[in-house]
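Good morning, colleagues. Please take a moment to look at the sequence and the structure, and I shall then go through side-chain rings and helix packing.

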Amino acid sequence: MSRERKTRLVVVGNGMVGHRFLDLLSEGDRANHFEVTVFGEEPRGAYDRVNLSSFFDGRSADDLSLARPGQYEAAGFRLLLDERVVAIDRPTRTVSTSSGLKVTYDTLILATGSYPFVPPIAGSDTPGCFVYRTIDDLEAIANWSGDRARTGVVIGGGLLGLEAANALRNLGLGVHVVEYASRLMALQVDDAGGAILRRRIEGLGVSVHTGKQTTEIAARIDLSGRPAVARLAFADGSTLPTDVVVFSAGIRARDELGRTAGLAIAPRGGVVVDERCRTSDPDIFAIGECASYDGHTFGLVAPGYHMAKVALAALTRGDEVFTGFDMSTKLKLLGVDVASFGDAFATAPGAHVVSTFDTVTAVYKKLVLSADRKHLLGGILVGDAAQYGQLLQLVQNQLPLPPRPEDLIFPQVSGDKPAGLGVDALPGSAVICSCNNVNKTAIVAAIAGGVNAVPALKACTKAGTGCGSCVTLLGDILKVELRKAGVAVTNHLCEHFPHTRQDLAQLVRLHSVKSFDDLLGRHGRGLGCEICKPAVASILASAWNEHILSRKHLPLQDTNDRFLANIQRDGTYSVVPRVPAGEITPDQLIAIGQIAKRYGLYSKITGGQRIDLFGARVEQLPRIWSELIAAGFESGHAYGKALRTVKSCVGDTWCRYGVQDSVGLATRIEHRYKGLRSPHKLKSAVSGCARECAEAQGKDFGIIATEKGWNLYLCGNGGMKPQHAQLFATDLDEPTLIRYLDRFLMFYVRTADRLQRTATWLNNLEGGIEYLRQVIIEDTLGIGAELEAQMAHVVGTYECEWKATLADPQKLAQFRPFVNSTAPDPSIVFVPERAQLRPAYPHEKRALLDSLIAVERQAGPA
């Protein structure tokens, strides 16, 4: 009996929606029924366009890739990249490519997406003009900008325009956004929301020009003799100088293949599809931005994903249909929360509007209510979109509103958060994740099956893995369901302290607690553990700045703090002297070199502009440090949760682009905050100009010079998941900068959780960066002077921990490998590599031991 021929399936387009179709097709045994050929126009496979701007935050093309390694091959898909399909021959059912390749299909899927619209402006093809759509576009922008560009203009103030503005800002350029309409994001927000959004974005240093019609892009001849962008000219006669222009004025459906093949095309563009995503040719489907349903194209990823699911269902006898899509969306643009949902512009007959407009906090919230005020129809949130998830559910599920709907967005008299109905009121059919069409029932089932953390919930259900706007709602559902199951949901430090780290920090200061035993006796129980002991030690060190190896603190320390050095994989330690701002004298370099040679230490320059010495035995540490201190060095605190480094570029001292003395400021800052103990390690940097050579925007607190002073960025560097720092304040003089830093650092020390980086702390801080500005700049809590005084105490009581240790015989006595012997640890073995010594791997140790045994056997008995 002959085998049934597989259906020849051709997919044109390997973007996000095309990949989602293939991802769904590869599940189970579906792919076994198809012979699949995939054409991708770009030289790389599908990648995450939603997070494209993160390419300038350090994420690579591989990081953005959507396909799992080997996924297509395992499913039997034939992927042809850098291969553009140029024609569809419907009578013969073949597609042709620009290279002359012809492939026959039984079923054809068009997932060609969209292209960026470039307005018909004179000079739009001038070198230095770009679109913002692909990784290749971003690489071209970065290559052009290089050292030649200082200013960039984005034409288009919509969603993609603000994304492009963020990308230029991440390149260190001064950024202008030019929008023809009277407000930013005209399709998502109203005039009031646009005003708040503009206020927020201009507060980040981005210049906004609305109501501007660009008539010409003028060129100049650059130093290499090539034409380049010079300025924009506007209809009102004004001009705007620039070095880069990025067009982001909307998108248009890539429907040219369907158009030339004779498929039905919608009046406003897009291949016409029915509720099964089938075109006017029953053998051809269209999904994503190239498709038009009921006269509408859909420029978000979620409806495209739904279309992919519908098209696959049509091929596999499923019953999914597409009947339009809720275009509600929540975004974070240049760090500003923006959300628009439902009937945001109150077009329904008799609709009522309730809104709050706060120019102090730069927050705008608007609710559109039904004529009887019983149901929520839509809304807009700018500056604070924390309630988006629950408000959207009220719209989608038409849940009844509370008697006072305004309580959903207005703060309560008590100062609490705005009221909400809670996730428990949502029905099981409520779609929590629109991107992946995951409802509440599926999430609750996963939790009942043993999932007890948001990351695991995302992995299990795929909810929250698209745009990410539903992650907060996921966490809320998880907490509610765990409580229902009798699982205690607490944020206690550990079983010995029924308090948060923040609570303990407050109690330590309130009652002047100076020891772990005192705190445990007053506010804890039991004997303590490996969680609470180091955490309390850090709190005590931050509060009172006593030596970390004092008798009452010593039993609390882990190995690194106990020996004032970082333990390595072979049991040796690293030695890291402080090099403020990376500035070091020739004599200090020579001293480090001599010490490294004398003790046989491996030396390496670090990313923090210091020199690390590896391979020190515990008994050698005091001798090494005595020589380093004699050479003028101090402890670099590389072993502690404390300030590590303050990097710098050379600034205006040497650099022709520098506008301020970055080395001098970095040195003063590092000396001020050295020794400060904190919930997690702290790193900083100071750049002398917008070119950002010191990478200040990737630090816990970073500083960038301007012509008028210093811009301060806070809460970057999120560890394993890096996060860009957010612009906090601009053009500060040095005294103001230091005052803000004093307050910020002490507020973080007092309120962060155990081992919580500043980035995560800010992400969890109610009100985010705006709330932090209120606390630090406006002193709304009235604790500014107290925070400054606490920092002054830390600064005034600083002592080099190694210098103090060397002067104390009792502290020095602990630096020995064994309690009953002073002999070196015989298990530490080094081998040579690249003219230095490194620790031997286990197999090398075994080989060395075998050779020694062999030598002894050959020598015979003594």
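This is a predicted model: local features need pLDDT of at least 70, side-chain atom pairs count only at pLDDT 80 or more; totals for chains, interfaces and linings use all residues.

The structure holds 17 aromatic pairs, where rings of Phe, Tyr and Trp (its six-membered ring) pair if their centres lie within 6.5 Å, with planes under 30 degrees apart counted as stacked, over 60 as edge-to-face and the rest as tilted. One of them joins Phe 298 and Phe 322 in an edge-to-face arrangement, at 5.4 Å centre to centre and 80° between the planes. Phe 298 belongs to the loop between β20 (291-292) and α8 (301-315), and Phe 322 to the loop between α8 and β21 (329-333), so the pair ties together parts that are 24 residues apart in sequence. Helices (H or I, at least four residues) and strands (E, at least two) are DSSP runs, numbered from the N terminus.

Residues are numbered from 1 along each chain as its sequence is written, and side-chain values use heavy atoms, with hydrogens and water left out.

Are Phe 298 and Phe 322 buried or exposed? Phe 298 is buried, at a relative accessible area of 8%, and Phe 322 is buried at 0%. Here buried means under 20% relative accessible area, exposed over 50%, and partly exposed in between, with a 1.4 Å probe and protein chains only.

Another pair is formed by Phe 563 and Phe 815: the ring centres are 5.7 Å apart and the planes stand at 65°, so this pair is edge-to-face. It links distant parts of the chain, 252 residues apart, with Phe 563 in the loop between α16 (559-562) and β28 (566-567) and Phe 815 in the loop between α25 (809-812) and β37 (830-833). Both Phe 563 and Phe 815 are buried. Together with Tyr 573, Trp 625 and Trp 802, Phe 563 and Phe 815 form one aromatic cluster.

Rings also meet charges. Arg 252 lies over the face of Phe 117, at 4.1 Å from the ring centre, and the charged end of Arg 691 sits over the ring of Tyr 657, 3.8 Å from its centre. The criterion is NZ of Lys or CZ of Arg within 6 Å of the ring centre and within 35 degrees of the ring normal.

I turn to helix packing. The axes of α1 (residues 16-25) and α8 come within 9 Å and cross at roughly 40°. Axes are lines fitted to C-alpha atoms, for helices over the stretch in contact, and angles run from 0 to 180 degrees between N-to-C directions. α1 and α8 are therefore oblique to each other; angles under 35 degrees count as roughly parallel, over 145 as roughly antiparallel, 65 to 115 as roughly perpendicular and the rest as oblique.

In α1, 10 of the 10 residues are buried, so this helix is largely enclosed by the rest of the structure. Its buried residues pack against β1 (7-12), β2 (34-40), α3 (71-75), β7 (107-110) and α8.

Leu 315 is placed in helix α8. Beyond its neighbours within four places in sequence, Leu 315 is in contact (heavy atoms within 4.5 Å) with residues including Leu 9, Phe 21 and Phe 285.

Finally, the axes of α13 (residues 501-510) and α20 (residues 734-751) come within 7 Å and cross at roughly 110°. That makes α13 roughly perpendicular to α20. On the α13 side the contact involves Arg 501, Gln 502, Ala 505, Gln 506 and Arg 509, and on the α20 side Met 746, Val 749, Arg 750 and Thr 751.
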